[in-house]
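Dear colleague,

I am passing on the structure we spoke about, and below it you will find my notes on what turned up when I went through it. Please read them with the structure open beside you.

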Amino acid sequence: MVVADGLWTDYNDGTWPSCCGDHQFDIKEVTPLLEGLQKYWPSYSCGSTSTCHGGRGLFWAHEWEKHGTCSYPVFKDEYNYFLATINLYLKYNITEILIENGYVPSNTEKYPLGGIVSAIQNAVRATPQLECRNGAVEELHLCFYKNFEPRDCVTKGNSLTSKACPRYVSLPEFVPSNVLSTSVPWLPSTEAL
């Protein structure tokens, strides 16, 4: 599955299913989790089509409809899907791991990619997948087995990867925009299942 950005079921080969059911997002199902969701996984309204059914809506709707519906039988409902996502984020808080190892968000500082990967490997006991754009970490994935024990991330061909990442990368600082999101771009995604 892919946290902060999402929790995605995958096939353990770099591919994943999407839009596996007709279960549309119902915010009432996650009402008890709203405080935690807004703090750790803020949503925003999508201006373009964002759901599997062609609608526009919250990012949470996109995540549930595209990815959460594919997580059955591990998660049978929205509540448990979002609760697990928050819990995985808190248990494997990559932001804290990186800061504890001296890798602080900066738009100008460049850090060795190998050092970032090693810091995560030492803390999580598994190899992450990083994706970069213009020399900056754009996505960071942690991968898990169905029991949520960490595993090395893999891509097609079963090889570990850092997509488009140079040897030295930046960890961009969050810059607020007009959208309602307050997430940090390089917070981890978490893949499992």
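**Overall layout**

The chain contains five helices and eight strands, and along the sequence these follow one another in the pattern β-α-α-α-α-β-α-β-β-β-β-β-β. Please keep in mind throughout that this is a predicted model, and that every value below was computed from it. Of the 193 residues in the chain, 48% are buried, while the accessible surface comes to about 9700 Å², with 49% of that area belonging to carbon and sulfur atoms.

**Disulfides**

The structure holds four disulfides, and if the bonded cysteines are numbered in sequence order, they pair as 1-3, 2-4, 5-8 and 6-7. I describe three of these links here.

In one of them, Cys-20 is bonded to Cys-70, with the sulfur atoms 1.9 Å apart. This pair links distant parts of the chain, since Cys-20 sits in the loop between strand 1 and helix 1, and Cys-70 in the loop between helix 2 (59-66) and helix 3 (78-91), 50 residues apart. The torsion about the S-S bond of Cys-20 and Cys-70 is about 90°, and the disulfide is therefore right-handed. Cys-20 is partly exposed, with a relative accessible area of 42%, whereas Cys-70, at 10%, counts as buried.

Another disulfide is formed by Cys-132 and Cys-165, whose sulfur atoms lie 2.0 Å apart. It links Cys-132 in strand 3 (residues 129-133) to Cys-165 in the loop between strand 6 (162-163) and strand 7 (168-171), 33 residues apart. The link of Cys-132 and Cys-165 is right-handed, with 90° about the S-S bond, and both cysteines are buried.

Cys-143 and Cys-153 are also joined by a disulfide, at an S to S distance of 2.1 Å. Here Cys-143 belongs to strand 4 (residues 136-144) and Cys-153 to the loop between strand 5 and strand 6, 10 residues apart. With 110° about the S-S bond, the link of Cys-143 and Cys-153 is right-handed, and Cys-143 and Cys-153 are both buried.

**Salt bridges**

How many salt bridges does a search of the whole structure find? The search finds two. In one of them, the side chains of Asp-10 and Arg-151 meet with an N to O distance of 2.9 Å. Asp-10 lies in the loop between strand 1 (7-9) and helix 1 (34-40) and Arg-151 in strand 5 (residues 150-151), so this pair ties together parts that are 141 residues apart in sequence. Asp-10 counts as buried at 6% relative accessibility, and Arg-151 is buried as well, at 5%.

The other salt bridge is between Glu-138 and Arg-133, where the closest N and O atoms are 2.3 Å apart. Glu-138, at 30% relative accessibility, counts as partly exposed, and Arg-133 is exposed, with a relative accessible area of 51%.

**A pocket to look at**

The second largest pocket holds about 160 Å³ of space. Its lining is made up of His-23, Gln-24, Glu-29, Trp-64, Gly-68, Thr-69, Tyr-72, Phe-75, Lys-76, Asp-77 and Glu-78, and these residues divide into three nonpolar, four polar and four charged.

Technical notes:
Residues are numbered from 1 along each chain as its sequence is written. This is a predicted model: local features need pLDDT of at least 70, side-chain atom pairs count only at pLDDT 80 or more; totals for chains, interfaces and linings use all residues. Side-chain values use heavy atoms; hydrogens and water are left out. On a 1 Å grid over the protein atoms alone, a cavity is a set of points where a 1.4 Å probe fits but cannot get out, and a pocket is an open set with protein on both sides within 12 Å along at least five of seven lines; lining residues have an atom within 4 Å of a point. Grid points are joined across faces, edges and corners, and a volume is the space filled by probe spheres set on the points. Ala, Val, Leu, Ile, Met, Phe, Trp, Tyr, Cys and Pro count as nonpolar, Asp, Glu, Lys and Arg as charged, and the others, Gly among them, as polar. A salt bridge is a side-chain nitrogen of Lys or Arg within 4 Å of a carboxyl oxygen of Asp or Glu. Helices (H or I, at least four residues) and strands (E, at least two) are DSSP runs, numbered from the N terminus. Buried means under 20% relative accessible area, exposed over 50%, partly exposed in between (1.4 Å probe, protein chains only). Accessible areas come from the Shrake-Rupley method with a 1.4 Å probe; for residues, only the protein chains shown count as cover. A disulfide is a pair of cysteine sulfur atoms within 2.5 Å.
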